Amino acid sequence: MAPTASARAEETSVGERPLPESVEAYIELRPGLLRFLMGFGVARDDAEDIAHDTFVKSLRRLSPTRIDNIFHWLCTCAKNLAITRYHRSRRELLFSRDHW
């Protein structure tokens, strides 16, 4: 039986409401994703940003198809984001030079 509106409000106000599955996954997988990124040569601050962006993008783009290994899939997404950031920073450095 589904909880009533008053029961849901009580759960929220007491703070006993379970975390959404996506938040639990973020808490569980984030440390490993950070280690992966830093092992890939990404600085800690950038790794934090990329891990966050990876989870946000995965929530927006995750298709209903079955993913066998979510951690592997997130690492692939994070690696691609790290590479994109690297290329973007190199391009910005190249075009910000004073000799142009």
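This dialogue explains how to read several features of a predicted model.

Me: What kind of model is this, and how are its residues numbered?
Reply: The model is predicted: local features need pLDDT of at least 70, side-chain atom pairs count only at pLDDT 80 or more, and totals for chains, interfaces and linings use all residues. Residues are numbered from 1 along each chain as its sequence is written, and side-chain values use heavy atoms, with hydrogens and water left out.

Me: What is the mean pLDDT of the chain?
Reply: The term pLDDT denotes the predictor's confidence in each residue, from 0 to 100. Here the chain has a mean pLDDT of 77, and 67% of its residues reach 70 or more.

Me: Where does pLDDT stay under 50?
Reply: That is the case over residues 1-15. For this stretch the model has four contacts beyond four places in sequence, a contact being heavy atoms within 4.5 Å.

Me: How many helices and strands are in the chain?
Reply: Helices (H or I, at least four residues) and strands (E, at least two) are DSSP runs, numbered from the N terminus. This chain holds four helices and zero strands, and the order of its elements from the N terminus is α-α-α-α.

Me: What share of the contacts with a separation of 6 or more comes from residues 24 or more positions apart?
Reply: Such residues account for 58% of those contacts in the chain.

Me: How many residues does the chain have, and what percentage of them count as buried?
Reply: Buried means under 20% relative accessible area, exposed over 50%, and partly exposed in between (1.4 Å probe, protein chains only). Of the 100 residues in the chain, 17% count as buried.

Me: Which residues have the most contacts inside the largest nonpolar core?
Reply: In soluble globular proteins, nonpolar side chains tend to be buried together. A nonpolar core is a set of buried Ala, Val, Leu, Ile, Met, Phe, Trp, Tyr and Cys residues joined through side-chain atoms within 4.5 Å. The largest one here has 14 residues, and Leu-33, Leu-37, Val-42 and Ile-50 have the most contacts inside it. Helix H2 (21-39), H3 and helix H4 (70-95) each supply at least two residues of this core. The most comes from H4, which gives five residues.

Me: What is Leu-37 in contact with, leaving aside its neighbours within four places in sequence?
Reply: Leu-37 is then in contact with Val-42, Ala-47, Ile-50, Ala-51, Ala-78, Lys-79 and Ala-82.

Me: How many aromatic pairs are found in the whole structure?
Reply: A pair of aromatic rings is described by the distance of the centres and the angle of the planes. Rings of Phe, Tyr and Trp (its six-membered ring) pair if their centres lie within 6.5 Å; planes under 30 degrees apart count as stacked, over 60 as edge-to-face and the rest as tilted. A search of the whole structure finds two such pairs. The rings of Tyr-26 and Phe-55 are edge-to-face, because their centres are 4.7 Å apart and their planes stand at 85°. Tyr-26 belongs to helix H2 and Phe-55 to helix H3, so this pair ties together parts that are 29 residues apart in sequence. Phe-36 and Phe-40 form a stacked pair, with 6.2 Å from centre to centre and 10° between the planes.

Me: Where does Leu-29 lie, and what does Leu-29 touch?
Reply: Leu-29 is in helix H2 and is buried, with a relative accessible area of 13%. Not counting residues up to four places away in sequence, Leu-29 touches Phe-55, Ile-70, Phe-71 and Leu-74. The C-alpha atoms of Leu-29 and Phe-55 are separated by 9.8 Å, while the two residues are 26 residues apart along the chain.

Me: Is Thr-54 buried or exposed?
Reply: Thr-54, in helix H3, is buried, with a relative accessible area of 1%. Leaving aside neighbours within four places in sequence, Thr-54 is in contact with Leu-33, Leu-74, Cys-77, Ala-78 and Leu-81.

Me: What does the side chain of Ser-58 reach?
Reply: Ser-58 lies in helix H3 (residues 44-61), and its side chain reaches the backbone oxygen of Phe-55 at 2.8 Å. Ser-58 counts as buried at 8% relative accessibility.

How values were computed: A polar contact is a pair of N or O atoms within 3.5 Å; within protein, one must be able to donate a hydrogen and the other to accept it, and residues adjacent in sequence count only if both atoms are side-chain atoms.
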